[in-house]
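Student: Could you take me through one part of this protein up close? I'd like to look at the place around the ligand and the pieces that build it.

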Amino acid sequence: MKIAVCVKQVPDTGPARKLDPVTNRLDRSGEGALNATDVNAVEEALRIKEAHGGEVVVVSFGPTRALDSLRKALAMGADRAVLISDEAAAGSDLVATSYALAKGLERESADLVLFGQQASDSDGAVLWAAVAERLRRPLVSQVAGLEIDGASVTGKRQTEFGYDVISAPLPAVVAVSDAINEPRYPSLKGIMGAKSKPTETLSLADIGAEADRVGASGSRTTVLELAPPPAKGDQIKIEDDGSAAEQLVEWLAGRKLL
Ligand SMILES: Cc1cc2nc3c(=O)[nH]c(=O)nc-3n(C[C@H](O)[C@H](O)[C@H](O)COP(=O)(O)OP(=O)(O)OC[C@H]3O[C@@H](n4cnc5c(N)ncnc54)[C@H](O)[C@@H]3O)c2cc1C
């Protein structure tokens, strides 16, 4: 079974994200890290390979320095890495990103395409749906448990009210949540071995992508203005001494919210 895992390098800044007022984009200049739920996706791919055999290839769309993060996936055990990287790609929104990734994935013809649930820099959690649509493949998202039987995939999908169990024929696209597994740490042997694993850096031309459908010119979204979040309004803290419900009702009624 051939499994492609889409992974993204994200700024390793925790909650302290900065916006660039000139480009109106996120400042991605600092340290980069492999996006957290993408590590779960790599782990799941490795477990499927261990059970069924095959190959795990990690695929990313980003600047060349994203290779540093792809090496972590290789150190965990992925077989090879493909980075789609092109100066013309900077400023790609969801539509442009899904186009470029789908072009790169078409070239791989994987039986299963795995995604993390969302990336910490954009938190959109829709890219996998757009890629599945472009590839015309079924999608199961928010997956906390995955089974493969060779011809189909069955995902235990987290919902607000419990779990849905959804099956889809292969080839398919699956986005996993961080509840699916506990990722392994790369071993020293894995880290050393990652240095000699194959990595490919492909331009937009290499994947047959039309340059004007990627980057700022190929994006359907434009950021017009940036502003800091508004200051928080009046706040009260209610310590529950047994009268919290009463105090809350009083507070809401005082603002004519009841
Ligand atoms: C106007 C605009 C300009 C932007 N410019 C940039 C930019 O210059 N650089 C930039 O990095 N982002 C940029 N973004 C954000 C980028 O478009 C989104 O991160 C991307 O489309 C992912 O969409 P998402 O938020 O739905 O998915 P996410 O929630 O971010 O990710 C879901 C999953 O998709 C996979 N994934 C996400 N991104 C990638 C990727 N690039 N390669 C492989 N797998 C991936 C991962 O598995 C991830 O867990 C821009 C967005 C806008 C609106």
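Tutor: Let's start with the residues around the ligand: there are 32 of them, and Gly116, Gln118, Ala119, Ser122 and Gly124 come nearest. A residue counts as near a molecule if its C-beta atom, placed from the backbone, lies within 6 Å of it. Keep in mind that this is a predicted model, where local features need pLDDT of at least 70, side-chain atom pairs count only at pLDDT 80 or more, and totals for chains, interfaces and linings use all residues. Residue numbers start from 1 along each chain as its sequence is written.

So what is that shell made of? By class, it has 14 nonpolar, 13 polar and five charged residues. Here Ala, Val, Leu, Ile, Met, Phe, Trp, Tyr, Cys and Pro count as nonpolar, Asp, Glu, Lys and Arg as charged, and the others, Gly among them, as polar. At least two shell residues come from each of these: helix H1 (36–52), strand E6 (55–61), helix H3 (94–108), strand E8 (112–116) and helix H4 (127–135). Those labels are DSSP runs numbered from the N terminus, with helices being H or I of at least four residues and strands being E of at least two.

Now zoom in on H3 and H4. Their axes come within 9 Å and cross at roughly 50 degrees. An axis is a line fitted to C-alpha atoms, for helices over the stretch in contact, and the angle runs from 0 to 180 degrees between N-to-C directions. That makes H3 and H4 oblique to each other, because angles under 35 degrees count as roughly parallel, over 145 as roughly antiparallel, 65 to 115 as roughly perpendicular and the rest as oblique. Which residues meet there? On the H3 side they include Leu94, Tyr99 and Leu105, and on the H4 side they include Leu127, Val131 and Arg134. Contact means that the C-beta atoms of two residues, placed from the backbone, lie within 7 Å. Sorted by class, the contact of H3 with H4 has nine nonpolar, two polar and one charged residues.

Finally, step back to the whole protein. It has six helices and 13 strands, and its C-alpha trace spans about 65 × 45 × 40 Å along its principal axes. Among contacts between residues at least 6 apart in sequence, 71% join residues at least 24 apart.
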